[in-house]
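Open the model in your viewer and colour it by chain. The stops below go from one selection to the next.

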Amino acid sequence: MIKFLLKGVLGDKNRSVLPIIIISIGVALTVLLSGYIRGAMGDIINQNARFDTGHVKIMTRAYAENKSQIPNDLAFLGVDSLINELKTSHPNMIWVKRIRFGGIIDVPDDKGETKGQGPASGMAIELFNTNSGEIQRMNIPSSLVHGTLPKQVGEALIGQEFVDKLGLEIGDKVTYFGSTMNGSMAFKNFTITGSVRFGTPALDKGAIIIDISDAQTMLDMEDGAGEILGFESDEIYDDEKALELTEEFNARFVNNTNEFAPIMLRLKDQNNLAGYLDYVDVYSAMFVTIFVIVMSIVLWNTGLLGGLRRYQEFGIRLALGESKGHIYKTLIYEATLIGIIGSIVGTAMGLGGTYYLQVVGIDIGKYLENATMLMPSVIRAQVTPELFYIGFIPGLFAMVFGNMLSGIGIYKRQTAALFKELEV
Amino acid sequence: MSKNIITIEHVTKRFPVGDGVFTALSDINLELKEGEFAGLVGPSGSGKTTLLNIMGSLDSPTQGKAIVMGRNISDLSHKESAQLRNIHIGFIFQVFNLLPVYTVYENVEFALILQNIGSAERKRMVMEALEWVGLENMANKKPSKLSGGEGQRVAIARAMVKRPNIVLADEPTANLDAANAHAIIQTMKKLNQELNTTFLFSTHDEKVMGYLDRIIHLEDGKVALDKIVLPKTTAL
Ligand SMILES: Nc1ncnc2c1ncn2[C@@H]1O[C@H](COP(=O)(O)OP(=O)(O)OP(=O)(O)O)[C@@H](O)[C@H]1O
Ligand SMILES: [Mg+2]
């Protein structure tokens, strides 16, 4: 029977080709869009993790509350002992300290007069501690436009924007002006060893990267840091683990009323990322639902047309002694088969498109010029395992559902009218 | 005495038309015995097709009883009546109604697949049925490649392959030329004699009537005349 049906489906192009085309297109779009959203979201999360939130981040409560102002006066002191403690209690994670700082970068001319100035968005990381993995984590080698990495105190990397705007060259000196942890004036000279461009407007604007030891002296933060970041050793964010870790850590300090007591936040709790993730889930679900509905309606109609054309066939089969229920069942089998074929074709097409967008990406840089959100300017799709099956849900469902609806006509049919219908 | 294949007792069939009803068959009484080669004749609208529908379990009477192979049509479920058609009744239509996607062989085979007969046995039965109608060489052709006469012969093979007790044929020769009409009827007559299958036709066709051994005249939904005739000998 199955073989018989297969032959019938494949032999009748109207019955197979059109629905397969409709399903393939729907499935391909579903896969492509999911791949793109996932890729974009993955990139955004990844960037946030690497440059800002870590997988978990520890700050003082006071710092955390005013985080957007980079309140270094509320930063930790005694970070090294806290980090050592974390390294012992959670040896499978990587713990690093960072200091962010604002201020002004001043470029002097030969006589020491100001040649140009710009606001700084500084980041001090464990640049000289190769065990920290910070250089790779922040993609510095591949973001380097000119020059090399700083090797010693007093050296800095600077954003390519500054270099272009202020006419800097590698080896030039710049002066940082800002305020120390205690609110007094801070300034320090740096030799530029290289320029970077991360391709993320929020990072590239006013970027200056120095080693944490330089920042600690410059800002009067001996043994201090604004933030301690924790990363899984495989650098892949695991929300469940992060949540567990956060709850366990924060439980230790519930009864501590000190505003300088540490608080740990997981990635999702920062920068409104949970909101974005939910947003993406809702939109993906909505998109898939709309597709299922639209495709079902289209397929219901093609099913109806096909059913009309197949009236004669159903009539003969009824006369030959096939029951209505059996004909209906075979119709659903056929739909399942076509749904699977269409889904396979569509998934292959969608994966191809996703892969293309993964390699090439779509440049949204010009929409992000003033964005504060950490997101890459080239959004790439991502081929994930889910994409291999996600399209089967709308593909199969729409085809089977569409045919279930159109197949109801079989039951409505008067068997008695058979001879009449088959006369013409 | 040969046994009754079909017994029609006081069968009346009414169709709703507009506000009222139309009586297509009124108080029909008939018996059809095993091995009969009978025809329903009568003017258009006299109720021939309606009666065949009831006998074929495609419709049920408004009043009266239609007993086919010992089963009362009115008592059967969808499934049971499908079963009855599948095993005991073969249909032949005015237009041969072959499924265009399938070959001649597969068109004939379909009824056997529904009966879950194994493929080796199916093959033997299909080829035998094609031999009965002289089309064993056409097994792999598509219906679109057949002439009208060949198409109707495939339809006969399809109806006969499962060796039903009765074949109901609604104007089987209406679309055929004289030579093909004769050939078709002779083929059916031969099968009737060899396999003792009961045949019931509805027809306007004088050529068909010449072969019948019983002619039932319908007029306005009533049996006007029911007579045993001496059929033409089948000179084959
Ligand atoms: N489903 C139906 N609803 C209403 N009236 C019907 C229905 N089926 C048949 N009739 C009517 O019943 C009468 C008998 O019809 P039937 O088809 O049995 O005649 P027939 O003898 O086969 O005619 P023909 O030689 O034209 O095929 C006709 O007047 C027809 O219009
Ligand atoms: Mg008729």
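Which residues do ring pairs link into a cluster? Select Phe4(A), Tyr102(B) and Phe110(B): ring pairs join these three. Keep in mind that this is a predicted model.

Next, show the contact between the two chains. Chain A gives 28 residues to the contact and chain B gives 31 residues. Between them the chains bury about 2,700 Å², 68% of it on carbon and sulfur atoms.

Now select Lys7(A) and Glu106(B). They form a salt bridge, with the closest N and O atoms 2.9 Å apart.

The largest share, 6 residues, comes from H12(A). By class, this side has 12 nonpolar, 7 polar and 9 charged residues.

Select Phe101(A) and Tyr176(A): the ring centres are 5.2 Å apart and the planes stand at 85°, so the pair is edge-to-face. Phe101(A) is in strand E3 and Tyr176(A) in strand E7 of chain A, so the pair ties together parts 75 residues apart in sequence. Phe101(A) is buried at 3% relative accessibility, and Tyr176(A) is buried at 1%.

Last, select Phe397(A) and Phe401(A), a stacked pair with 5.5 Å centre to centre and 10° between the planes. Both lie in helix H15 (residues 392–412) of chain A, about one turn apart. Phe397(A) is partly exposed at 46% relative accessibility, as is Phe401(A) at 35%.

Terms used
Residues are numbered from 1 along each chain as its sequence is written. Chains are lettered from A and ligands numbered from 1 in the order in which they are written. This is a predicted model: local features need pLDDT of at least 70, side-chain atom pairs count only at pLDDT 80 or more; totals for chains, interfaces and linings use all residues. Side-chain values use heavy atoms; hydrogens and water are left out. Contact means heavy atoms within 4.5 Å. Buried area is the accessible area (1.4 Å probe) that two parts lose on being put together, summed over both. A salt bridge is a side-chain nitrogen of Lys or Arg within 4 Å of a carboxyl oxygen of Asp or Glu. Helices (H or I, at least four residues) and strands (E, at least two) are DSSP runs, numbered from the N terminus. Ala, Val, Leu, Ile, Met, Phe, Trp, Tyr, Cys and Pro count as nonpolar, Asp, Glu, Lys and Arg as charged, and the others, Gly among them, as polar. Rings of Phe, Tyr and Trp (its six-membered ring) pair if their centres lie within 6.5 Å; planes under 30 degrees apart count as stacked, over 60 as edge-to-face and the rest as tilted. Buried means under 20% relative accessible area, exposed over 50%, partly exposed in between (1.4 Å probe, protein chains only).
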